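Work through the exercises below with the structure in view. Each task is followed by its solution.

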Amino acid sequence: MTRVYQILFVLLTSALANIAFAGIEVGQPSPNIEGTLIDGKPFSLQANKGKVVLVNFWASWCEPCREEMPAIEAFLKKNKSKGLEVLAITVDKPADMQQVKQIMQNYPFLFAEKKQMDYSDYGRIWRIPSTFIIDKQGILRKNGMTGDARVDTKLLEELVTPLLNTQ
């Protein structure tokens, strides 16, 4: 009977891992993200085709998240006119929203709470920061759940700048 439980555990773990990553792959169309931003405006990733969109999952208590925000902000300021957009989705608990809002006052990002956004086709966001980069055609160019989680100026220049220079 123990052997049966072991087999079931392996099968269940494998199935859950597939669900967690939801089959999103770099080079494939990015699933839509839609919902309501903190300012009450609607957001849809599909409606942003024609722009390069950086989607950043973060939390106020996450030091690496806060460390990468100034680099993202500087890159956005430099490239917004070229078609760059940044959506920051906080995974904080509702009780922490006052602190989150204080932090976000310093940044020009589109900003949303996780409970107000539908990103279910991305699977379970289990690590933060997690940054997804979607090109102007809606193709996923960086999967925030794989590889190095950090976003810095060097990565942005190497990965995003060429995307901004395409039609």
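Predicted model: local features only at pLDDT ≥ 70, side-chain atom pairs only at ≥ 80, totals over all residues.

Rings of Phe, Tyr and Trp (its six-membered ring) pair if their centres lie within 6.5 Å; planes under 30 degrees apart count as stacked, over 60 as edge-to-face and the rest as tilted. Residues are numbered from 1 along each chain as its sequence is written, and side-chain values use heavy atoms, with hydrogens and water left out.

**Exercise 1.** Find how many aromatic pairs the whole structure holds, and classify the pair of Phe57 and Phe132.

Solution. Step 1: the search gives four aromatic pairs. Step 2: the ring centres of Phe57 and Phe132 are 5.9 Å apart and the planes stand at 85°, so this pair is edge-to-face. Step 3: Phe57 belongs to strand E3 and Phe132 to strand E7 (residues 130–134), so the pair ties together parts 75 residues apart in sequence. Strands here are DSSP runs of at least two residues, numbered from the N terminus.

**Exercise 2.** Classify the pair of Tyr107 and Phe109, and decide whether its members are buried or exposed.

Solution. Step 1: with 5.3 Å centre to centre and 15° between the planes, the pair is stacked. Step 2: buried means under 20% relative accessible area, exposed over 50%, partly exposed in between (1.4 Å probe, protein chains only). Step 3: Tyr107 and Phe109 are both buried.

**Exercise 3.** Name the residues that ring pairs link into a cluster with Phe57.

Solution. The cluster consists of Phe57, Tyr119, Tyr122 and Phe132.

Key
Helix = DSSP H or I, 4+ residues; strand = E, 2+ residues; numbered from the N terminus.
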